[in-house]
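Hello,

Here is the structure I promised to pass on. Have a look at it first, and then read on for what turned up.

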Amino acid sequence: MERCIVALAAASLLGCATPVTEGPEVSIDARNEEIRRQQEYVLGVRSAEDERFYRVAHRISSANVELCRRRGMSIGATFETIYDYAAQMRSAAKAVRGVSASPQVAWLDEKGPAGAAGLRRGDVLLAVNGTPVAKGPKAGKSARGLLAAALHGSQRLTILRNGETINLDIAGKQVCGYPFYLVDGSDLNASADGDVVRYYRGMLRFAQSDDEIALVLGHELAHNVMRHIQKSQINRVAGAIGGALLDAALGGDGDLAEIGASIGDAAFSQAFEPRPTM
Ligand SMILES: [Zn+2]
């Protein structure tokens with residue numbers, strides 16, 4: 001009673017006045033099981049998002065290469081190992097993505113050079129042009145280094161698939177040299193900074209179709225290609241599914257701010273937004 005009066009005096013009314021409901025006892029094992037389930041769920045969702053985004057991005061990057069003054073090379077595939085994941089996520093990565101210490105296909109555009117040459121998901125990379133990939137924690141870095149070094153010529157990938165060793169000859173192709181990045185965040189937003197395009201996961205979850213993603217990526221890529229950002233700082237599209245869609249929905253005045261899209265404090269240049277004639 002004495003303590004309760006003191007607590008009341010300290011204005012902690014709730015603590016004394018209401019009964020406390022005890023939660024159920026949760027064992028460490030049950031808690032760990034729940035953590036594992038949630039990690040696997042999150043990784044599964046993110047993997048599907050990555051796959052969708054980078055497939056669309058690669059196609060936009062390939063299809064517009066003639067218009068891009070800055071160019072790079074790509075085989076339309078990336079590789080990963082279990083060491084690419086934080087220590088606490090490795091068990092989930094093994095379960096969801098089947099990754100191991102050896103580099104295996106992380107993402108693949110079936111219509112890209114590697115896909116067309118026969119590379120498949122789950123393929124493990126053993127060597128590039130006869131040079132074996134390093135073993136252990138450095139395998140991923142080693143694989144990416146060998147692939148990058150061979151990117152400008154043709155490259156023979158030695159692949160392990162279902163216990164069989166296969167050689168695939170792949171010629172990288174030119175793509176736009178303005179990388180696309182899928183970034184964490186619930187914003188319905190994408191941006192171009194003159195060098196790269198950033199696209200938020202929130203925007204990806206909002207997109208109904210791959211075409212909508214492509215439209216926004218193409219729009220942002222155009223800002224980079226046409227050097228709008230160098231001409232006027234940073235350009236940002238906020239609001240629904242992207243500048244071009246919004247501009248069209250607005251009847252062509254190109255003023256995204258009109259519909260209350262939150263532009264934030266980024267310098268936003270409407271002068272560079274498209275003005276459809278309709
Ligand atoms: Zn724009």
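Which residues does T81 touch, not counting residues up to four places away in sequence? They are V99, S100, A101, S102, P103, A139 and G140, where a contact means heavy atoms within 4.5 Å.

Before going further, please note that this is a predicted model: local features need pLDDT of at least 70, side-chain atom pairs count only at pLDDT 80 or more, and totals for chains, interfaces and linings use all residues. Residues are numbered from 1 along each chain as its sequence is written, and side-chain values use heavy atoms, with hydrogens and water left out.

Back to T81, which sits in the loop between β2 (77-80) and α4 (90-97); helices (H or I, at least four residues) and strands (E, at least two) are DSSP runs, numbered from the N terminus. With a relative accessible area of 0%, T81 is buried, a word that stands for under 20% (1.4 Å probe, protein chains only). A polar atom of the T81 side chain lies 3.1 Å from the backbone nitrogen of Y83.

Then there is the largest nonpolar core, with 20 residues; such a core is a set of buried Ala, Val, Leu, Ile, Met, Phe, Trp, Tyr and Cys residues joined through side-chain atoms within 4.5 Å. Its largest share, five residues, comes from α8. F180 is one of the residues with the most contacts inside this core, and F180 touches F53, Y54, A57, I60, S61, V197, L217 and L221, again leaving aside residues up to four places away in sequence.

Enjoy exploring!

Conventions
Buried means under 20% relative accessible area, exposed over 50%, partly exposed in between (1.4 Å probe, protein chains only). A polar contact is a pair of N or O atoms within 3.5 Å; within protein, one must be able to donate a hydrogen and the other to accept it, and residues adjacent in sequence count only if both atoms are side-chain atoms.
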